[in-house]
Amino acid sequence: MENCHKKLNCSICGSADLPEVLDLGVMPLANAFLDKESLDTEEPQFPLVVNFCPNCFLVQLGHVVDGELLFKNYHYTTSASAPLVQHFNKLADEIAGDYVKSPDDLVVEIGSNDGSLLSRIKDRCRVLGIDPADKITELAVARHVPTIHDFFSAKLAESVRSEFGPARVVVANNVMAHIDDIRDVFSGVKTLLADDGQFIFEVHWVGNLLTEGGFDQIYHEHLYYHSLHSVKALLDSLGMVVNDIRLVPIHGESMRVYASKSGESSVAVQDFLNREIEMGLTESSTYVNFSKKIESNKAKLVGLLSELKARGKKIVGYGASAKGNTLLNYFHIGSDVLDYITDTTPLKQGTYTPGTHIPVVSPEKIITDTPDYILLLSWNYADAIMEKEKDLRRQGVKFIIPVPDVRIV
Ligand code: JHZ
């Protein structure tokens with residue numbers, strides 16, 4: 001298959017025993033928004049199959065789409081989501097307060113996107129972003145965040161270390177699920193880190209996906225659905241230590257992992273591992289059973305939307321997220337159901353959603369064109385969005401929150 005290869009071995013431990021636990025069929029790329037001219041051209045579609053490694057417990061996609069295709073022409077910017085910016089500002093302040101000791105210290109961010117996190121601390125230490133996305137890195141540079149426009153790798157880590165010196169902190173948020181050669185990337189982090197440096201990364205937690213989150217977090221960009229078990233297996237194998245773990249309320253719940261080349265593990269690490277065992281995250285049957293939940297979710301949401309349409313209700317979408325595109329494509333919800341989707345990202349406005357071809361428009365549209373119902377595709381920011389849209393809700397507009405269970409608020 002062009003631009004895609006099948007994964008035959010586990011990315012962490014190399015095992016060839018990778019039972020399939022979920023099959024979402026064939027899907028377009030979740031962030032490949034289309035311009036008007038491309039609507040008639042055939043969109044590339046790739047299998048979306050999830051496998052589980054019973055040896056190191058890594059949940060991983062069965063097919064890997066080329067990174068160039070996924071990330072070069074990328075539309076996702078951190079700064080479009082105010083709650084995300086606030087979250088990263090807090091993390092940046094923690095890094096500057098707890099780890100940076102001198103203005104000469106280096107903080108490197110892998111997957112630095114539009115420079116949101118590093119711009120917060122760029123006057124307190126040396127910062128360096130690394131990101132392959134074309135337009136997005138231009139945004140970072142415009143904010144005076146020095147950025148290497150490339151994919152991070154062990155090779156790049158060596159050249160960064162020889163040019164800039166060792167890093168006091170390496171930070172990587174929402175990117176450690178995205179890179180195929182994960183052993184190469186983590187060993188690159190080890191190369192780049194100072195001996196007493198701290199590696200801090202956030203990655204969506206598979207425990208959240210199975211419980212409070214949604215299956216819609218599964219798409220080609222996310223090659224891995226990490227547990228602390230899988231992360232620890234990888235770090236252990238490279239001689240690194242998980243120092244601490246905490247859950248942060250981002251994308252549902254993400255793990256923020258603190259790791260280094262030495263030191264101890266906190267009590268929280270063992271507690272978290274025990275919790276994962278109790279939840280069944282080390283058993284393949286847990287993931288197989290998850291598919292039943294997806295089908296019941298589909299029946300409820302599709303049933304509700306068709307009933308509302310039959311009653312002549314106007315429905316639009318809110319937040320043209322990547323996860324939203326998984327949901328729309330898998331549930332076959334198209335422009336016959338949603339008139340349009342609003343989104344705060346200037347790069348997405350004026351485009352059409354991959355696969356379903358629903359127009360993406362500026363949020364202003366919703367003010368003049370009051371719908372009856374809004375399908376919240378960025379359900380991970382539900383609290384902040386309900387607060388932001390309280391005037392609309394006072395006018396009687398209802399939000400439909402699609403996952404993990406359909407709710408109208
Ligand atoms: P959001 C991204 O997924 C992509 P997505 C990526 N691959 C990844 O790993 C995950 O994050 C973790 C808009 N919005 O953050 C902005 C509004 O319109 O849920 C975004 O386009 N109004 C890196 O795309 C989208 O919604 C608002 O008030 O699923 C949210 O995307 C807010 C708050 C957001 O991630």
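**Close-up views of a predicted model**

**View 1. Lys 323 lies over the face of Trp 379.** The distance from Lys 323 to the ring centre is 5.8 Å. The model shown in all views is predicted.

**View 2. Gln 217 is in contact with both Lys 323 and Trp 379.** Gln 217 belongs to the loop between α7 (206-210) and β11 (224-225). Buried or exposed, how does Gln 217 count? Gln 217 counts as buried, because its relative accessibility is 3% and the cut-off for buried is under 20%. Leaving aside neighbours within four places in sequence, its contacts also include His 204, Leu 209, His 222, Tyr 225 and His 251.

**View 3. Strand β14 (residues 315-318) pairs with β17 and with β15.** Ile 315 and Gly 317 point one way from β14. Val 316 and Tyr 318 point the other way. All four of these residues are buried. In a regular strand, side chains alternate between the two faces of the sheet. Four bridges join β14 to β17 (residues 373-376), and these strands run parallel. Two bridges join β14 to β15 (residues 341-342), again in the parallel sense. Which residue of β17 is the bridge partner of Gly 317? The partner is Leu 375. In β15, Gly 317 stands opposite Ile 341. From β14 the chain passes through helix α11 (residues 322-331) to reach β15. This β-α-β crossover is right-handed.

**View 4. Helix α8 (residues 228-237) has buried residues covered by other elements.** The buried residues are Leu 228, His 229, Ser 230, Val 231, Leu 234 and Leu 235. Their cover includes the helices α6 (182-192) and α9 (267-279). Strands β10 (193-204), β12 (241-248) and β13 (254-260) are also part of that cover. Just after α8, Gly 239 takes a positive phi of about 75°.

**View 5. Phe 186 and Phe 201 are one of 11 aromatic pairs found in the whole structure.** The pair is edge-to-face. The ring centres are 5.5 Å apart, with 85° between the planes. Phe 186 is in helix α6 and Phe 201 in strand β10, 15 residues apart. Phe 186 counts as buried, at 1% relative accessibility. Phe 201 is buried too, with a relative accessible area of 0%.

**View 6. Phe 52, Phe 57 and Tyr 287 form a cluster.** Ring pairs link these three residues.

Notes
Residues numbered from 1 in each chain as written. Predicted model: local features only at pLDDT ≥ 70, side-chain atom pairs only at ≥ 80, totals over all residues. Heavy atoms only, no water. Buried < 20%, exposed > 50% of the residue type's maximum accessible area, 1.4 Å probe, protein only. Contact = heavy atoms within 4.5 Å. Pairing = 2+ DSSP bridges. Right-handed = clockwise from strand over helix to strand, strands pointing away. Phe/Tyr/Trp six-rings, centres within 6.5 Å; stacked < 30°, edge-to-face > 60°. Lys NZ or Arg CZ within 6 Å of the ring centre and 35° of its normal.
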